[in-house]
Amino acid sequence: QGQLVESGGGLVQVGGSLRLSCAASRSVFRVNAMGWYRQAPGKQRELVASITTGGTTNYADSVKGRFTIDADNNQNTLYLQMNSLKPEDTAVYYCNNLNPPFWGQGTQVTVSS
């Protein structure tokens, strides 16, 4: 089994910013695309952003224009820059490829109003 370690979450006020990081093992990272997912209390986990090995990005409508995903393919590291945060962004955030073999512990993001 590989490794996924998410970090960078925390408590932030509405309108604030956070930058999440994810260190992944090569077995997880070296696939067609990586993504950031989130799961809010009582809701299903959802994919909010993805990036292919070629650099093509995709975003859920709810985060488009506010979140930016990028990757350091040499370091097997994924990032998510989150700006203009809203209370509805509160969730545990996870990184993974698009066919998740397992899940890391995630990082909690809480946006307070």
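Arg38 forms a salt bridge with Asp89, and their closest N and O atoms are 2.9 Å apart. By salt bridge I mean a side-chain nitrogen of Lys or Arg within 4 Å of a carboxyl oxygen of Asp or Glu. Arg38 belongs to strand β4 (residues 33-39) and Asp89 to the loop between β8 (77-82) and β9, so the pair ties together parts that are 51 residues apart in sequence. Strands here are DSSP runs (E, at least two residues), numbered from the N terminus.

Before I go on: this is a predicted model, in which local features need pLDDT of at least 70 and side-chain atom pairs count only at pLDDT 80 or more, while totals for chains, interfaces and linings use all residues. Residues are numbered from 1 along each chain as its sequence is written, and side-chain values use heavy atoms, with hydrogens and water left out.

Both Arg38 and Asp89 are buried. Buried means under 20% relative accessible area, exposed means over 50%, and partly exposed is in between (1.4 Å probe, protein chains only). Arg38 counts as buried because its relative accessible area is 6%.

What does Arg38 meet in a salt bridge at 2.8 Å, N to O? That partner is Glu46, which is partly exposed because its relative accessible area is 33%.

Asp89 has a salt bridge with Arg66 as well, at 2.7 Å from N to O. This pair links distant parts of the chain, 23 residues apart: Asp89 in the loop between β8 and β9, and Arg66 in the loop between β6 (57-59) and β7 (67-72). Arg66 is buried, as is Asp89. Through shared partners, salt bridges join Arg38, Glu46, Arg66 and Asp89 into one network. The structure holds five salt bridges.

Now to the strand. β10 covers residues 107-112; Thr107, Val109 and Val111 make up its covered face, and Gln108, Thr110 and Ser112 the uncovered one. It pairs with β2 (residues 10-13) in the parallel sense over four bridges, and with β9 (residues 91-97) in the antiparallel sense over three bridges. Pairing requires at least two DSSP bridges between the strands.

Last, Thr107, which is buried because its relative accessibility is 8%. Its side chain reaches the backbone nitrogen of Gly9 at 3.0 Å. Leaving out residues up to four places away in sequence, Thr107 touches residues including Leu20, Ala91 and Tyr93, where contact means heavy atoms within 4.5 Å.

Note on methods: A polar contact is a pair of N or O atoms within 3.5 Å; within protein, one must be able to donate a hydrogen and the other to accept it, and residues adjacent in sequence count only if both atoms are side-chain atoms.
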